Amino acid sequence: MARKEIEHIERHPKVVLLCNKVEELSGVSDIISSQVSAFRVLTKMHDIKEVLLESAPLVIIIAMPSVSASIELYRQLAQLGFLDYPHENILLCENKESGVGFRCCMKHVFSDYFVYKPMYENYRLRMILHNALLRCKNAHDTTHIREEHFGKIDVSLKQLIDDAAVYHVDAQQTLTNARKNLEQAKGVNDIQTALMKELRAQHIDPLLDQLEKKLAMSIEELTNNLKNKQITLAELSALLIEKSLPETTRSATEYAAEDPSDKVIALTNRNIKIMVVEDNEIYREMISKILIDEGHNVEAVSSGLVAIKKLKKQKYDMIFMDLFMPELDGYNTTRNIRNINHCKNLPIVALTSNKNKELIRKWATLGLTAYIAKPSTKHSILKTVEKAKRALAS
């Protein structure tokens with residue numbers, strides 16, 4: 001079923017999205033609408049020129065089929081004189097062209113870039129657009145960021161972020177005011193003013209610089225309160241190897257050196273039944289699409305409880321599972337799955353963004369087959385599937 005085309009008919013938009021395939025940009029459009037009320041999607045050159053000329057939008061987002069096509073469109077509009085006003089420009093590109101997008105930004109062709117194929121970093125696009133609007137003139141009508149725009153964040157973590165932000169702003173403002181007052185201070189005569197200037201240069205300014213460094217260190221210390229719950233990919237990899245988990249931890253070279261049996265060949269050549277357990281809808285759809293495009297039979301669920309119910313009734317060849325989910329996290333879901341007779345050796349691949357060290361360590365002890373770091377690539381997902389298929393055949 002084809003997606004309905006996006007229609008935005010704002011007469012004087014603050015943001016415009018220039019593209020040629022509207023049906024691929026519904027997710028991007030939703031994010032833009034959450035940030036600003038006045039925006040428009042444009043696909044025809046005539047409409048693009050008309051809107052740029054009449055409205056001079058603050059932010060121009062370009063999502064052509066390739067980066068070169070986006071650059072060419074922007075260059076053409078600039079040469080025609082439609083961009084002779086202050087604005088921000090954001091490039092949307094596919095993952096395979098992210099390096100080109102990065103280079104464009106380093107060369108100041110675009111203000112920023114965002115990978116929207118696959119689009120699993122939607123919060124980053126929100127941040128890019130929000131900051132671009134704030135830098136523009138007359139952006140006071142930007143939609144206010146509400147709590148639901150941030151997703152689910154632990155209350156204690158939210159408070160820690162707020163405390164760090166308030167502390168940083170207050171301390172920075174105090175130092176800024178102190179510098180300003182010192183610069184404005186004058187003596188009763190030229191000699192005293194010169195002495196005060198020398199005193200500031202030799203003693204007071206260095207002291208303020210030192211205080212700013214201490215402020216930065218304090219912020220870093222607060223940040224470390226978040227990092228102390230993390231686990232690195234290397235640690236998790238070592239933990240999986242230490243537990244002697246299934247053979248998915250072996251390298252591709254080791255597999256190539258084997259004499260594959262008929263069983264291995266048969267299994268690795270067939271498509272398998274995979275369950276994806278992930279509460280983030282965008283990420284869940286992204287992984288599912290990659291697997292479905294490869295011909296695999298995929299069932300995607302949004303919670304561990306639903307996964308357990310389905311696994312009790314039918315068999316799957318492997319599972320991709322997120323760690324942090326509402327109702328039942330990945331660890332406890334896995335623990336329940338291991339109590340199902342036909343799931344004791346079922347390959348389970350962890351989806352992790354490395355947030356809670358102890359929980360991930362505990363999770364690994366239940367028999368993880370492998371892990372994939374978030375954000376994931378198509379290559380890493382498909383490579384893990386191939387390894388799991390070999391493990392099943394061995």
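These legends walk through several close-up views of the predicted model shown above.

**About the model.** This is a predicted model, in which local features need pLDDT of at least 70 and side-chain atom pairs count only at pLDDT 80 or more, while totals for chains, interfaces and linings use all residues. Residues are numbered from 1 along each chain as its sequence is written, and side-chain values use heavy atoms, with hydrogens and water left out.

**View 1. The whole protein comes before the close-ups.** The protein has 15 helices and ten strands; helices (H or I, at least four residues) and strands (E, at least two) are DSSP runs, numbered from the N terminus. Of its 394 residues, 39% count as buried, where buried means under 20% relative accessible area, exposed over 50%, and partly exposed in between (1.4 Å probe, protein chains only). Among contacts (heavy atoms within 4.5 Å) between residues at least 6 apart in sequence, 68% join residues at least 24 apart.

**View 2. Helix α1 meets helix α5.** Helix α1 (residues 26-35) and helix α5 (residues 122-135) pack at an angle of about 45 degrees, with their axes 10 Å apart. Axes are lines fitted to C-alpha atoms, for helices over the stretch in contact, and angles run from 0 to 180 degrees between N-to-C directions. The two helices α1 and α5 are therefore oblique to each other: angles under 35 degrees count as roughly parallel, over 145 as roughly antiparallel, 65 to 115 as roughly perpendicular and the rest as oblique. On the α1 side, look for V28, I31, I32, S34 and Q35, which meet N122, L125, R126, L129, H130 and L133 in α5. The residues of this contact divide into six nonpolar, four polar and one charged. Here Ala, Val, Leu, Ile, Met, Phe, Trp, Tyr, Cys and Pro count as nonpolar, Asp, Glu, Lys and Arg as charged, and the others, Gly among them, as polar.

View 3. The buried residues in α1 include V28, S29, I31, I32, S34 and Q35. Among the elements covering the buried residues of α1 are β1 (15-19), β2 (39-42), β3, β4, β5 (112-117) and α5.

**View 4. E88 and V59 sit on two strands.** You can find E88 in strand β4 (residues 88-94) and V59 in strand β3 (residues 59-63). Their C-alpha atoms are separated by 4.7 Å, although the two residues are 29 residues apart along the chain. E88 is buried, with a relative accessible area of 12%, and V59 is buried too, at 0% relative accessibility. The side chains of E88 and R135 are joined by a polar contact of 2.9 Å; such a contact is a pair of N or O atoms within 3.5 Å, and within protein, one must be able to donate a hydrogen and the other to accept it, while residues adjacent in sequence count only if both atoms are side-chain atoms. Not counting residues up to four places away in sequence, V59 touches several residues, including K14, I90 and L129.

**View 5. Helix α13 is mostly covered.** In helix α13 (residues 330-337), six of its eight residues are buried, namely G330, Y331, N332, T333, T334 and I337. At the start of α13, a side-chain oxygen of D329 reaches to within 3.2 Å of the backbone nitrogen of Y331. Helix α12 (residues 304-313) packs with α13 at an angle of about 15 degrees, with their axes 9 Å apart. That makes α12 roughly parallel to α13. G304, I308 and L311 in α12 meet T333, N336 and I337 in α13.
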